[in-house]
Amino acid sequence: MQVAIDGPAGAGKSTISRAVAKELGFLYIDTGAVYRAIGYKAGRLGIADEDEIVRMTQKTELTIELQGGDQHILLDGEDVTDRIRTPEVSMAASRVSAIAGVRSALVELQRRIAGKSNVIMDGRDIGTVVLKDAEVKIFLTASCEVRAKRRFDEMLEKGQDADFESVLKDMQERDYNDSHRAASPLKKAEDAILCDTTDKTLEESVKMLKDYIEREFEKYVC
């Protein structure tokens with residue numbers, strides 16, 4: 001069974017999806033981490049030209065591994081899981097994800113992974129492009145201010161320097177870029193349900209998605 005979860009940055013897709021997948025015994029795949037890895041590599045190599053980024057992506061070896069129940073991203077054999085979780089890499093991911101050639105190369109990777117087991121996959125175009133035939137589609141969102149506050153708190157917890165207004169501005173810019181890009185823009189699939197977590201705690205959000213997926217899974221196995 002395939003569960004596709006889309007939504008804007010900071011909506012809690014990764015945290016909620018990971019928790020729900022663990023409770024249900026599903027494989028969790030954070031596709032945003034794949035684009036972060038490509039953005040990270042392009043920045044590290046100083047590559048800005050779109051055609052060069054596409055060629056770089058086609059030659060890049062990306063592997064997703066589960067280690068101790070957590071997803072790890074291997075970039076050309078190197079574990080970059082922690083290094084790709086910065087605001088700079090987040091913006092770089094937004095830029096490279098707007099390149100059609102990059103998305104084309106990475107979509108096939110995501111589909112191969114999703115075909116191996118019951119999976120919860122989150123991203124920006126999972127229900128609309130990557131897993132168009134997914135049995136369950138969810139569009140997870142929250143107000144921009146709430147999403148920025150969550151990201152701000154997360155950065156502080158990790159000991160990173162953070163300014164709320166800067167985080168909010170980056171979030172607004174990311175929202176615009178993701179929803180206005182020519183290649184697979186962020187949007188709600190017609191057959192997806194809308195889940196707004198603005199006024200919900202993490203626990204409430206996890207329960208909301210888990211209950212819905214369980215009901216749909218019962219229909220699927222029957």
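**Stop 1: a strand and its partner**

Select Asp30 and you'll find it standing opposite Asp122 in β6. Helices (H or I, at least four residues) and strands (E, at least two) are DSSP runs, numbered from the N terminus. Before going on, note that this is a predicted model: local features need pLDDT of at least 70, side-chain atom pairs count only at pLDDT 80 or more, and totals for chains, interfaces and linings use all residues. Residues are numbered from 1 along each chain as its sequence is written, and side-chain values use heavy atoms, leaving out hydrogens and water.

Now colour β2 (residues 27-30) and β6 (residues 119-123): they run parallel, joined by four bridges. Strands pair if DSSP finds at least two bridges between them. In a regular strand, side chains alternate between the two faces of the sheet. Show the side chains of β2: Leu27 and Ile29 point one way, Tyr28 and Asp30 the other. All of them are buried (under 20% relative accessible area, with a 1.4 Å probe and protein chains only).

**Stop 2: the largest pocket**

Next, select Ser14, Thr15, Arg85, Arg151 and Glu154, which lie nearest the centre of the largest pocket, lined by 47 residues. A pocket is an open set of points on a 1 Å grid over the protein atoms alone, with protein on both sides within 12 Å along at least five of seven lines; lining residues have an atom within 4 Å of a point. Which helix gives the most to this lining? Select α7: it supplies seven residues.

Note on methods:
Buried < 20%, exposed > 50% of the residue type's maximum accessible area, 1.4 Å probe, protein only. 1 Å grid on protein atoms, 1.4 Å probe; cavity = no way out; pocket = protein on both sides within 12 Å on 5 of 7 lines; lining within 4 Å.
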